[in-house]
Amino acid sequence: MGDRTVDTEAGPAAQAGPAPGGLVGTLSSELGRAGRALRSVVRTPAKVTWRAVARQWIWSAVIWPFGGVRVEGEFDDAGPYVVVANHGSHADTIAMMSASPTIMRVVTVAAQDYWFTRRSRRLVARGLLGAYPVRRDGEGAYEELRGELANRVAESMSVLIFPEGTRSRDGQLGRFHTGAARLARDFGIPVLPVALVGSRELLPKKGSLPRYSPVEVRVGEPIAPDADVEAVTQAAQAQVQALLDRPRRPFPVSDVHTVAAQALAGWRGDAVMFTWGLAEALSFPVMAEMSQVWLGVTQPRLLWRRGAAVVAGSVTGVALGHLLAAGGVRLPAPWTTPAMRQAVSRYLADGPRGYWQQALTGVPVKLFAAESGRRGLPLGPVLAHAAGERAARMAASTAVLVVAEKPLGNLVRQHFGAYLVGSGLLFGVLLRQVVRHWER
């Protein structure tokens with residue numbers, strides 16, 4: 001757990017192990033002892049507890065907005081295991097809690113002198129991570145660790161260990177200590193290597209806020225316990241390194257986003273955006289900028305081009321609305337109020353420059369087009385001021401989307417359906433507030 005992860009080799013007692021098993025007889029004796037330990041320690045079958053389910057739900061919800069967790073390989077529920085993983089981030093334990101099946105009931109160990117000295121840290125360690133305290137050094141530290149975990153393993157709980165002992169500073173896999181292999185030997189349970197990819201980018205060691213980075217949890221093959229703890233440790237490290245060397249999968253993209261991006265590719269997208277701007281300037285009740293929020297983001301590299309298409313459509317719509325109003329045609333204007341029309345009449349009393357009032361008032365541009373046509377204002381200045389106001393407003397909103405694309409773009413692409421629903425609900429609330437303001 002971060003820099004405070006316990007080194008289960010610490011202390012003189014931790015250095016002591018069984019006599020080297022160079023002879024066949026000695027090795028057989030050690031393996032027999034491991035088998036007896038397995039039969040005596042693991043007394044109850046694995047079972048799901050409400051705490052395990054709650055932890056998995058909580059951490060899955062926490063990590064979901066940042067890309068979530070994807071599992072490669074299979075977590076065999078025939079454990080328990082001593083799970084060993086590379087360590088690059090405080091998010092590693094969260095990812096493991098989210099990814100491992102509740103039937104495994106993974107618990108971890110945490111340094112007593114850090115995680116259990118303050119009430120807030122103790123609540124996180126015990127309540128949310130299922131961690132157990134252990135001294136990091138001193139005589140008898142390993143024996144205390146083994147004793148602390150014995151009952152957990154007896155209940156078929158798997159134990160999560162970060163054998164590097166601390167988070168990696170450069171992303172490279174550090175040397176594994178033998179503590180995990182010694183626990184596996186003493187409890188007679190296998191070691192399960194796991195590689196965590198993406199957690200370091202999600203929550204860097206020297207970073208502050210989490211970043212979008214889907215975490216891949218790559219599960220290796222169990223390694224049988226053995227008296228030769230060095231060999232088991234080296235085999236586990238080799239597996240984790242091999243899993244880390246695999247190429248990272250592309251970031252996930254929702255099917256909704258894929259369909260929308262394909263439908264809006266090339267000139268089709270430009271035509272849709274132009275039509276949206278045109279319709280909004282005539283009668284459509286949803287503001288032109290929302291076309292960028294909902295559709296433009298599917299092609300982030302074309303946001304400025306798509307914004308220009310919306311402006312072109314909007315100015316064309318203003319021209320048509322102006323000419324139709326001048327000819328006595330009144331188009332439908334849903335979600336508008338008499339107070340809005342009265343305000344537009346005041347704004348345009350001094351001429352076409354009143355179009356600039358539209359930028360911050362929330363009054364739809366279609367009312368300006370209808371009023372300027374009804375007043376018989378000259379079309380040329382009307383279009384000049386309307387184009388300037390429309391372009392300025394669209395440029396501001398597009399700039400916000402371009403800036404937000406870097407930290408949030410991948411998240412939007414992965415959860416595009418939820419993004420559409422959420423932004424739609426927010427827009428509905430804000431629109432209702434605008435309409436209510438103009439109903440006063």
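**Close-up views of a predicted model**

**View 1. Ser156 in the loop between α7 and β5.** Ser156 sits in the loop between α7 (141-154) and β5 (159-161), where helices (H or I, at least four residues) and strands (E, at least two) are DSSP runs numbered from the N terminus. The phi of Ser156 is near 65°, a positive value in a residue other than glycine. The model is predicted, with local features needing pLDDT of at least 70 and side-chain atom pairs counting only at pLDDT 80 or more, while totals for chains, interfaces and linings use all residues. Residues are numbered from 1 along each chain as its sequence is written, and side-chain values use heavy atoms, with hydrogens and water left out.

View 2. Helix α14 has 24 residues (303-326) and should span 34 Å at 1.5 Å a residue, which agrees with the 34 Å between its end C-alpha atoms; the expected span is 1.5 Å times one less than the number of residues. Just after α14, Gly328 takes a positive phi of about 90°. Trp335, in the loop between α14 and α15, has a phi near 60°, again a positive value but in a residue other than glycine. With a relative accessible area of 49%, Trp335 is partly exposed.

**View 3. A nonpolar surface patch.** Leu320, Leu324, Val329 and Leu331 make a nonpolar surface patch of about 280 Å². Val329 belongs to the loop between α14 and α15 (338-347) and counts as partly exposed at 42% relative accessibility. Accessible areas come from the Shrake-Rupley method with a 1.4 Å probe, and for residues only the protein chains shown count as cover.

**View 4. Arg375 in helix α17.** Arg375 is found in helix α17 and is partly exposed, with a relative accessible area of 36%. Arg375 and Ser345 lie 30 residues apart in sequence, and their C-alpha atoms are 9.1 Å apart in space.

Conventions. Patch = residues over 30% accessible without salt bridge, like charges linked within 9 Å, V, L, I, M, F, W, Y side chains within 5 Å. Salt bridge = Lys/Arg side-chain N within 4 Å of Asp/Glu carboxyl O. Buried < 20%, exposed > 50% of the residue type's maximum accessible area, 1.4 Å probe, protein only.
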